[in-house]
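Reader: I am learning to read protein structures and would like to be guided through one, feature by feature. Could we take the general idea first each time, and then turn to the case at hand?

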Amino acid sequence: MPKKSVADLDPRGKAVLVRVDFNVPQDDSGAITDDRRIKMALPTIRSILDRGGKAILMSHLGRPAGKGLEPAFSLAPVAKRLGELLGKPVLLASDTGGADSQAKAKALPAGGVLVLENVRFNKGEKKGDDATYVAGLASLADAYVNDAFGTCHRTEASMHAVPMALKALGKPAVSGFLVEKEIQYLSDAIARPKRPFVAILGGKKVSDKIAVIQNLLSICDHVLIGGAMAYTFSLAQGGRTGKSLVEPDKLDLAKELLAHGNGKLVLPVDTHCADDFSSGANKKIVRAGEIPDGFEGLDIGPETAQKYAGIIRSAGTVVWNGPMGVFEMPPFDAGTKAVADAVADATVKGAITIIGGGDSAAAVEQLGYADKVSHVSTGGGASLEMLEGKAFATVAVLDDK
Ligand code: AMP
């Protein structure tokens, strides 16, 4: 069911409580090293301010203990950066829905911006059911917006109980522009894929992606496997994997997926391996399943890269989660690069191409392909859960169109 978005809201003179994902990376001094997550929320925030609304923003940052304010996890640097990006003052409340938030929210003029302190300073946030905490937040606002896609798979209080409380008071709860766009891309791809529908799955472990592989095998035309997870499949087929990263306790599961894959599951035919986890190691290209003792697979081989690129270039829809090798360490970025290049070509030819968040997003950013695909998701865990076919309670709670 499509959900109302911030565009359907009339924010004039209203206090709008927006759950954003300002969980930005910081260096040891607390300086923000990547402000993309703040920038992503700007369209929603500006839309509220430009139409005469007041924006009250809440987010988590890192993993504080939930026992009150911890300076290392304060949103103060985020509020400062947001002020610079918006070109206007941004206030910071020292609590999350408590006395300081109440006073500052009350005094906020139309067009004003208030950032509440880290929601995870409150133990009620993770538990999701602390009535006083939830009521405190809900009392600040006339409307609620969820623009925190990266947190949509977590039913923490600010994501679920708070919009429920506002709705119980007869107030609107809608999605922000980022959440709307993410859900549209990922759910359309799964529900109405242009075929052939090709999934590319890589990364470290099969165990992290079992549910995704199962779901995608039932809807995709081809599921291409790369990364270290390929070696567990290889081991399950009786191959030699040397000292590669494998999950011996997942062999039965790998066998089951191979049997269930009925020709859709595509595995590497060759492997770039090395005798040490370093760029300068002795390297070899070997057939898949023939990794010598003392060597570990660190990337798909060139023949696999070419084979995968061919399948990808003729796709109508591509979803990609997980790198093909250790892309952070050249030359083991070659497989990921070849796949990224093919995904970019498929995009030019009219395919819808979607990169899951987390490491795959980092890989396409690092390799310079982020603006050559249809969509790079901002949520690692959240996009993975969508690819598993799960629905989010945090989105279901929002008002239907
Ligand atoms: P994931 O978080 O499961 O998507 O895994 C991403 C990580 O997997 C990246 O940091 C890659 O360096 C790593 N990776 C990919 N292929 C391999 C491999 N063959 N051996 C070890 N690590 C790998």
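Reader: Where is Asn23 found in this chain?

Author: In this predicted model, Asn23 belongs to the loop that runs between strand E1 (15-20) and helix H1 (36-50).

Reader: Which class does Pro292 fall into, and why?

Author: Pro292, which is placed in the loop between strand E13 (290-291) and strand E14 (296-300), counts as buried because its relative accessibility is 18%. Its C-alpha atom is separated by 7.2 Å from that of Thr241, a residue 51 positions apart from Pro292 along the chain.

Reader: Where does Thr155 lie, and what is its class?

Author: Thr155 is in the loop between E5 and H6, and it counts as partly exposed because its relative accessibility is 47%.

Reader: How is a pair of aromatic rings described?

Author: Two values describe such a pair, namely the distance between the ring centres and the angle between the ring planes. The structure holds one aromatic pair, formed by Phe149 and Phe392, with 6.3 Å from centre to centre and 75 degrees between the planes, an arrangement that is edge-to-face. This pair links distant parts of the chain, since Phe149 is in the loop between strand E5 (143-147) and helix H6 (161-168), while Phe392 is in the loop between helix H14 (380-387) and helix H15 (393-396), 243 residues apart. Both Phe149 and Phe392 are buried.

Reader: Which charged side chains sit over rings here?

Author: One case is Lys284, which lies over the face of Phe295 at 4.8 Å from the ring centre. Another is Lys372, whose charged end sits over the ring of Tyr369, 5.4 Å from its centre.

Reader: Are most peptide bonds cis or trans?

Author: Most peptide bonds are trans. In this model, however, the peptide bond from Arg195 to Pro196 is cis, with omega near 0 degrees, and Pro196 belongs to the loop between helix H7 (177-191) and strand E7 (197-201). The peptide bond from Pro330 to Pro331 is also cis, with omega near 5 degrees, and Pro331 has its place in the loop between strand E15 (317-321) and helix H12 (334-348).

Reader: Which residues come nearest to the ligand?

Author: The ligand has 14 residues around it, of which Lys204, Lys209, Gly297, Glu328 and Asp359 come nearest. Sorted by class, this shell has five nonpolar, five polar and four charged residues.

Reader: Which side chains place polar atoms by the ligand, and at what distances?

Author: For Asp359, a polar side-chain atom lies 3.0 Å from an oxygen atom of the ligand, and for Lys209 a polar side-chain atom lies 3.1 Å from a ligand oxygen atom. In the case of Tyr231, an N or O atom of the side chain is 3.5 Å from a nitrogen atom of the ligand. The ligand has 500 Å² of accessible area on its own, and the protein covers 87% of that area.

Notes
Residues are numbered from 1 along each chain as its sequence is written. This is a predicted model: local features need pLDDT of at least 70, side-chain atom pairs count only at pLDDT 80 or more; totals for chains, interfaces and linings use all residues. Side-chain values use heavy atoms; hydrogens and water are left out. Rings of Phe, Tyr and Trp (its six-membered ring) pair if their centres lie within 6.5 Å; planes under 30 degrees apart count as stacked, over 60 as edge-to-face and the rest as tilted. Helices (H or I, at least four residues) and strands (E, at least two) are DSSP runs, numbered from the N terminus. Buried means under 20% relative accessible area, exposed over 50%, partly exposed in between (1.4 Å probe, protein chains only). A charge sits over a ring if NZ of Lys or CZ of Arg is within 6 Å of the ring centre and within 35 degrees of the ring normal. A residue is near a molecule or strand if one of its heavy atoms lies within 4 Å of it. A polar contact is a pair of N or O atoms within 3.5 Å; within protein, one must be able to donate a hydrogen and the other to accept it, and residues adjacent in sequence count only if both atoms are side-chain atoms. Accessible areas come from the Shrake-Rupley method with a 1.4 Å probe; for residues, only the protein chains shown count as cover. Ala, Val, Leu, Ile, Met, Phe, Trp, Tyr, Cys and Pro count as nonpolar, Asp, Glu, Lys and Arg as charged, and the others, Gly among them, as polar.
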